[in-house]
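Please look at the sequence and the model below.

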Amino acid sequence: MGKISNATVQRILEATDIVEVVSDFVSLKRKGANYWGLCPFHNDRSPSFSVSKSRGLCKCFSCGEGGSAVNFLMKLEHLSYSEALRYLARKYNIEVEEREMTPEEERMETARDNMFAANDFALRYFKKTLLETPEGRDVGLSYFRHRGINDQMVEKFHLGYALEQRDALYRRALERGYSEEYILAVGLCTRTDDGKIYDRFRGRVIYPVHTLSGKVVAFGGRTLRSDKTMAKYVNSPESDIYSKRRELYGLYQAKQAISKEGKCIIVEGYMDVISMHQAGICNVVASSGTALTVEQVRLIKRFTNNVTLIYDADAAGIKASLRGIELLLQDGMDIKVLLLPQGEDPDSFAQTHSSTEVNDYISANETDFITFMARILLRDVGSDPTRRANVITRIVKAIALIPNEITRSVYVQECSNILFISEDVLRREVGRYFNEYALKSREDRLREASLTTGHMGADDHGTGGTDGPEKDATGEGSAPEDPSHPHAAFLRKYEMNLLRLVARYGNLPLADSVDEDNNVVAVSVLEYIESDLERDGIKFSNADLSHFLDVARRYSREDWDESYRREAERLQAVRAERFAEGIEEIRGKATDVGSITAMEGTLNETVDAEYNKGLEDFCADYLARLLCSSPDDAVRNLATELVVERYTLSKVHTKYAHVETEREQLVDLVPRTIHELKDAILNTRIIDARERLKSCAPDDYTSIFAAMGEIKELETLRSSLAKLIGDRVIAPLK
C-alpha cells in the first residue's frame with residue numbers, strides 16, 4: 001500500500017465537517033458559535049468539550065484533549081494517521097489516491113516490513129517449538145504448567161520456547177528465505193567477533209512483546225537453568241522497530257479491558273501479567289522490570305488517566321522507582337500504589353485468589369501516590385531534622401508537578417496531616433516550585449514531542465501506519481534536535497506569538513505588493529512575516545518552533561492554487577444559487593421596476609459580500625486546518641495549542657457596538673509582533689555584549705571600547721525599534 005497522495009489529503013480535509021465527525025461519538029448541542037458536549041476522553045460531568053465548526057477544531061477545556069477531526073479520531077479510536085484519513089475518506093465517499101514512494105521511502109518501508117516479517121517468523125517458530133518438539137514440551141511447556149499457566153494463556157500471549165541448539169532458529173530462518181540482515185537487525189541472532197552467528201535466545205521460554213496493533217516488535221527470554229552465571233532474562237535489543245521505553249508488555253491484550261474498566265494496573269514482570277489475566281483481571285500490563293517512562297504512560301493515557309502500580313511488600317526497588325513515577329504526575333495521571341501482603345507478588349496472589357478477591361483487595365488497599373511516597377520516605381528518617389526536611393522538600397516538589405490545582409490543594413492538606421507541617425507553609429512552597437516548573441515543563445514537553453516523532457518505532461505510536469513513520473503527508477521529516485540556543489527560553493514566547501498569527505491566519509491576504517512586471521499582488525500574513533524575517537536574517541532560536549514554521553511554509557504553498565480554485569468554484573456555485581433564490585423572492589414581492597432594480601442591487605451586494613467573506617474565511621482557516629491535521633505529532637499538537645481559543649466574546653459586548661476582531665487588527669498586529677521579536681533579540685544581544693564587557697581584562701582597552709560601542713549601537717537600534725512598536729507600518733489591503 002502506497003502513501004495517500006497530497007491531493008487526496010486536501011480533499012479529505014476540505015470535505016470533513018468536524019461537527020459531523022464528533023457527533024458520531026458525542027452528543028452535541030449548539031451554544032453560541034460553537035457546539036458543546038461531554039468530553040469522551042475523561043469522565044466529564046458537565047459539557048466541557050467544545051467543537052468549532054468554522055475552525056474545524058475541538059477542545060476539552062477540562063482535560064485538554066482535542067484538535068482537528070484527524071487528531072480526534074487518532075486519540076479516541078486509537079488510529080494511526082493514515083487510518084484516520086481513510087476513516088474520513090470512507091465517511092465522505094472520497095476515493096483514496098496513493099502516490100508512489102520515493103526510493104528512500106521504499107527502502108525504509110521495505111526494511112521495516114522485513115524486520116516485522118522476521119519477528120513474525122520467530123513468533124511462529126517459538127510457538128511451534130514449545131508445542132511440537134520433545135524439548136519444548138518437556139522443558140518449556142512443563143515450566144508453564146508448573147507455574148499454573150493454562151493453554152488459553154499460552155495462546156493468548158503467544159508463549160514459546162527456544163531450543164538449546166546454537167543456531168537452530170538462524171538455520172531455519174535461512175531455509176525459509178529470511179534475510180540474515182534483518183534477522184540480525186531485530187536481534188534474533190548475534191554475530192561474534194570471529195564472524196560466527198548464534199541465536200540470541202537458547203534454552204529459554206519466550207515472551208513476545210506486541211505493539212498496540214498486535215505486531216511483534218521484540219522478545220523476552222527466561223532461562224530455566226539454575227546457573228547463576230547466566231543472565232536470568234535476555235531481551236531483544238532496540239532496533240528501528242523497537243524502543244523499550246515505548247512499549248508495555250501485555251498492552252495489546254489489555255487495551256480493551258483498560259478502556260472498559262477505566263483503569264490500568266501496572267505490575268513488574270511477564271508472569272505477573274499472565275497470571276492476573278488468567279485470574280480474570282485483564283486490565284494489567286508490565287513495565288518489564290524497568291522504571292516507567294513518560295512514553296509508556298502516554299500510551300496508557302490513550303485509554304485511561306487512572307493507573308495503579310502494584311509492588312511486592314518487600315520490593316527493594318520501590319524507592320528507586322519513586323523518581324521515575326514523580327515525573328509522570330505532570331501528565332495529569334491519577335497514580336495509585338498498592339502493596340501486596342508480605343511474601344506475595346502479583347503472580348502468586350492472582351494464582352491463589354479469585355478475580356473478585358483480587359479486585360476487592362485492590363479497591364480496599366490502593367492509596368494515592370503522594371501519600372504512599374510520604375510514608376515510604378519517612379520510614380527511615382527517624383528524628384534527623386535534615387533528612388526529614390529533605391524528604392518534605394522532595395514531596396513538595398512532587399506535588400508541584402501535578403497540573404490540576406484542586407488536586408494539588410487536596411494533596412497539600414493530606415500531606416500537612418501526615419508531615420505535621422503547616423498547610424500554609426506547604427502551599428507556599430508548592431506554589432513556588434509549580435511556578436518554576438511551569439515554563440520549563442512546557443518547553444520540555446514540546447522538545448520531547450519534536451524528538452519523539454523522529455524515533456517512532458511502529459505504526460501504533462503516532463505518525464506511522466501504512467503511510468510510514470517519520471514523514472508527513474508531504475514527505476516532511478520530524479523536527480530536528482534543539483541546537484541549545486542560550487536565549488531560546490527567553491525568546492520562545494515572542495516566537496510563539498508570531499507562530500500563533502501564522503497558524504491562525506497564514507494564507508490570509510494582508511497587504512499589496514508590486515511584482516517585477518508592475519502587477520499588484522496580494523501578500524499573505526505568512527509571506528509578510530517570512531519576507532521581514534529573511535530581510536534581517538532572523539531565524540527562530542527554538543528548533544521545534546523553527547521546524548513548525550518550515551512545515552507551515554510548505555503547507556501554505558503545496559496544493560494552494562488548486563485548493564483555492566476549488567473553493568472559489570464552490571462558493572461561486574453557492575452565490576449563483578443564492579442569487580437565483582433571491583431573484584425568485586424579489587419577483588414575488590416587488591410591485592414596480594424601481595423596487596425590482598433596488599432590491600436586485602441589494603441582493604448583488606449581499607451575495608457578493610457572502611462570496612468574498614467565504615473566500616476570506618477559507619484563506620484564514622486554510623493553514624490552521626492543515627497544521628492541526630498534520631501527521632507530525634509535534635506540529636499537530638503545537639498547532640492545536642496555537643489555534644484553539646477557550647473564550648469567545650459574549651453577545652452582551654457586541655449587541656450595541658462593533659468590537660474589532662483580531663483578524664481586523666492584523667494590519668497592525670503582524671508588524672508589531674515582528675518588532676517585539678526583534679526587540680527581544682536585540683535585548684539578548686545587549687546582554688551578551690555586557691557579559692563580554694565584564695570579562696574584558698582591565699587593560700584591554702580595544703576589547704572594552706569595542707564592547708561598549710556594540711552596546712551603544714544595539715541600544716540605539718532598540719530605541720528606534722521602540723518607536724515602531726504599536727505604530728502602523730504598512731498600508732492596509734484595499
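## A helix across a sheet

Across which strands does helix α11 lie? Helix α11 (residues 270-278) lies across β14 (264-267), β15 and β16 (306-311), and runs at about 170° to β15. Angles here run from 0 to 180 degrees between N-to-C directions, with axes fitted to C-alpha atoms, for helices over the stretch in contact; contact means heavy atoms within 4.5 Å. Helices (H or I, at least four residues) and strands (E, at least two) are DSSP runs, numbered from the N terminus.

This is a predicted model, in which local features need pLDDT of at least 70 and side-chain atom pairs count only at pLDDT 80 or more, while totals for chains, interfaces and linings use all residues. Residues are numbered from 1 along each chain as its sequence is written, and side-chain values use heavy atoms, with hydrogens and water left out.

## The strands of the sheet

The sheet is open and has 5 strands in the order β15-β14-β16-β17-β18, with mixed pairing. Its edge strands are β15 (284-286) and β18 (367-368), each of which pairs on one side only. Two strands pair if DSSP finds at least two bridges between them.

Strand β17 (residues 334-339) is joined to β18 by 2 bridges, and these strands run antiparallel. Val 337 stands opposite Thr 367 in β18.

## Aromatic pairs

Rings of Phe, Tyr and Trp (its six-membered ring) pair if their centres lie within 6.5 Å; planes under 30 degrees apart count as stacked, over 60 as edge-to-face and the rest as tilted. The count by this rule is 22 aromatic pairs. One of them is the edge-to-face pair of Phe 201 and Phe 219, with 6.3 Å centre to centre and 70° between the planes. This pair links distant parts of the chain: Phe 201 is in the loop between β10 (197-199) and β11 (204-210), and Phe 219 is in strand β12 (residues 216-223), 18 residues apart. Both Phe 201 and Phe 219 are buried, where buried means under 20% relative accessible area, exposed over 50%, and partly exposed in between (1.4 Å probe, protein chains only).

Phe 618 and Tyr 622 form a tilted pair, at 5.6 Å centre to centre and 55° between the planes. Both lie in helix α24 (residues 593-627), 4 residues apart, about one turn of the helix. Phe 618 has a relative accessible area of 7%, so Phe 618 is buried. Tyr 622 also counts as buried, at 0% relative accessibility.
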